[in-house]
Amino acid sequence: KLYVDRKAIIYLKADRNYTLIHCEGGAKHLVSVHLHALEQHLPVPHFFRCHHSYLVNLEKVEKLLQHAGHRIQLAGGETIAVARRRWAALIIAMEQL
């Protein structure tokens, strides 16, 4: 089994029947678990499903970007797309931290 400190997770990305966990320091872990199943075990409001394929750690969000589509800029500079219908919920979740 793989144990990852939730505070080290930046985001998780679905990849068919797998999930790629992106952590601080550039570490990546590929696990054979659906993103939905992992989502059930991560605490709300710290983790937010911003897109069908992405679950982000809101504590790692640096900026919310609205130009050229809705996006999140994460620690380390990477950007993740936010589904248009989830933007308002993202704003609310950020305020709850």
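Predicted model: local features only at pLDDT ≥ 70, side-chain atom pairs only at ≥ 80, totals over all residues.
A salt bridge here is a side-chain nitrogen of Lys or Arg within 4 Å of a carboxyl oxygen of Asp or Glu.

Arg16 pairs with Asp15, with closest N and O atoms 3.6 Å apart. Arg16 is exposed, at 73% relative accessible area, and Asp15 is partly exposed, at 36%.

Next is Lys60 with Glu24, where the closest N and O atoms are 2.3 Å apart. This pair links distant parts of the chain: Lys60 sits in the loop between E5 and strand E6, Glu24 in the loop between strands E2 and E3, and the two are 36 residues apart. Lys60 counts as buried, at 14% relative accessibility, whereas Glu24 is partly exposed, at 43%.

Then Arg49 and Glu39, with closest N and O atoms 2.6 Å apart. Here strand E4 is linked to helix H1, 10 residues apart in the chain. Arg49 is buried, at 17%; Glu39 is partly exposed, at 24%.

Now the cysteines. The structure holds 0 disulfides.

Cys50 brings us to the nonpolar core. The largest one has 15 residues, and Cys50, Val56 and Ile72 touch the most other members. Strands E1, E4, E5 and E7 and helix H2 each supply at least two residues, with H2 giving the most, 3. Ile72 has contacts with residues including Cys50, Val56, Leu64, Ile80 and Leu90, and also with the charged Lys63 and Glu78. A second, separate core of 10 residues includes Ile9, Ile21, Val31 and Leu42.

What does its side chain reach? The Asn57 side chain lies 2.9 Å from the backbone oxygen of Ile9 and 3.0 Å from the backbone nitrogen of Glu59. Further along the sequence, Asn57 touches Arg6, Lys7, Ile9, Ile10, His46 and Phe47, leaving out residues up to four places away.

Definitions and conventions
Residues numbered from 1 in each chain as written. Heavy atoms only, no water. Disulfide = S-S within 2.5 Å. Core = buried A, V, L, I, M, F, W, Y, C linked by side-chain atoms within 4.5 Å. Buried < 20%, exposed > 50% of the residue type's maximum accessible area, 1.4 Å probe, protein only. Helix = DSSP H or I, 4+ residues; strand = E, 2+ residues; numbered from the N terminus. Contact = heavy atoms within 4.5 Å. Polar contact = N/O pair within 3.5 Å; in protein donor to acceptor, adjacent residues only side chain to side chain.
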